[in-house]
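Please look at the sequence and the model below before reading on.

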Amino acid sequence: MATEIRSFDLINKTQIPSLGLGTWQSEPGLVGQAVTAAVKAGYRHIDCAQIYGNEKEIGLALKKLFEDGVVAREDLWITSKLWCNNHAPEDVPIALEKTLNDLQIEHLDLYLIHWPVRTKKGTAGFKPENLLKTDIPATWKAMEALFDIGKTRGLGVSNFSSKKLGDLLKVARIPPVVNQVECHPSWHQTKLREFCKSNGVHLSGYSPLGSPGTKWLKSNVLEHPILTSVADKLGKTPAQVAIRWGLQMGHSVLPKSTNEARIKENFAVSDWLIPDDLFTELSKIEQARLVRGDFLVNDIYGEYKTVEVLWDGEI
Ligand code: NAP
């Protein structure tokens, strides 16, 4: 295996850089300098979303990076996501336009449906009474129209199970090229990965470090004894091994940090590899989804009555 895994080819003939900077929970005042530090360190992929509430500050940082000639727009991959309260077909172009304005760019490289979940327009959060039935085919059609006019170079989804992705593939005129889902050494996504692979959909892994900063997730992915022992043997940090594991699995990986030292640490994963025996060790880590999505299901409201139905059994 080549040690350097810079990008992955997508079915729409674009190349997604293998390592992207995550920006969820990157606080105002810190996210701009994180993006700047990341691009200067060599990152060429930024993972954004309207709901993260920081696209304006990211846009200011990008503008300066382009003006200063640090990177050209065409050398940077920028993903953003359509939030749940904008699923109505007429709201999709407005949502993308806001994202483009905030990011101060003309087009995205990838626009994702953030969740297969719909909430009432103008509402925030997931109060049960805000949950609505989805109409993914209608939302997707509106996304396709944005692709047609060049507002994004690719379309994809996020948090879609194999079944939901399969249902979309049956009706899509422009197929999704990426499914962005939780993926790390403690949640391999074995079934979904196989489904994606056999359908030409690239799997992008979010929370690759197990999202240790998210208190409600009770994550200890980076502290797992198998991961820390592999890291010790390789002379790398657990975070680097978790990221490198994702790359060797064939996923793009999206670690978030607003700390310059950790931004650099997380990028230093291209001149070494996890050998087969240690890779096998990592496969012995017990599996558990961190983001179960209990807040997205309800007996009365919305599309999904249980988390089993939300993930179609992939839990
Ligand atoms: P993550 O990247 O797994 O973990 C981020 C946390 O780890 C932060 O608290 C960060 O703190 C810390 N960290 C970063 N580098 C570290 C290192 N080398 N050693 C120890 N700790 C380190 O979690 P995430 O933010 O949940 O996921 C990453 C990105 O995926 C998000 O930012 C977002 O872009 C995307 N995402 C998408 C979805 C979706 O629904 N599509 C859901 C979740 C996440 P510091 O900042 O202080 O370094």
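Predicted model: local features only at pLDDT ≥ 70, side-chain atom pairs only at ≥ 80, totals over all residues.

Residues are numbered from 1 along each chain as its sequence is written, and side-chain values use heavy atoms, with hydrogens and water left out.

The ligand sits in the largest pocket. A pocket here is an open set of points on a 1 Å grid over the protein atoms alone, where a 1.4 Å probe fits and protein lies on both sides within 12 Å along at least five of seven lines. To sit in a pocket, a molecule must have more than half of its atoms within 2 Å of the pocket's grid points.

Around the ligand there are 30 residues, of which Asp-47, Leu-209, Ser-211, Ser-257 and Arg-262 come nearest; a residue is near if one of its heavy atoms lies within 4 Å of the molecule. By class, this shell has eleven nonpolar, 14 polar and five charged residues. Nonpolar covers Ala, Val, Leu, Ile, Met, Phe, Trp, Tyr, Cys and Pro, charged covers Asp, Glu, Lys and Arg, and the others, Gly among them, are polar. Helix α9, residues 260–267, gives the most to the shell, with three residues. Helices (H or I, at least four residues) and strands (E, at least two) are DSSP runs, numbered from the N terminus.

Polar contacts are pairs of N or O atoms within 3.5 Å. An oxygen atom of the ligand lies 2.8 Å from an N or O atom in the side chain of Lys-256, and a ligand oxygen is 3.1 Å from a polar backbone atom of Thr-23. A nitrogen atom of the ligand is 2.9 Å from an N or O atom in the Glu-265 side chain. The protein covers 88% of the 910 Å² of accessible area that the ligand has on its own, by the Shrake-Rupley method with a 1.4 Å probe.

Most residues other than glycine have a negative phi. Lys-13, in the loop between β1 (7–9) and β2 (15–17), has a positive phi of about 70 degrees. Asp-312, in the segment after α11 (307–310), also has a positive phi, near 50 degrees. Lys-13 is exposed because its relative accessible area is 72%, where exposed means over 50%, buried under 20% and partly exposed in between (1.4 Å probe, protein chains only). Asp-312, at 25%, counts as partly exposed.

Leu-222 lies in the loop between β11 (202–206) and α7 (225–234). At 23% relative accessibility, Leu-222 is partly exposed.

Definitions and conventions: Polar contact = N/O pair within 3.5 Å; in protein donor to acceptor, adjacent residues only side chain to side chain. 1 Å grid on protein atoms, 1.4 Å probe; cavity = no way out; pocket = protein on both sides within 12 Å on 5 of 7 lines; lining within 4 Å.
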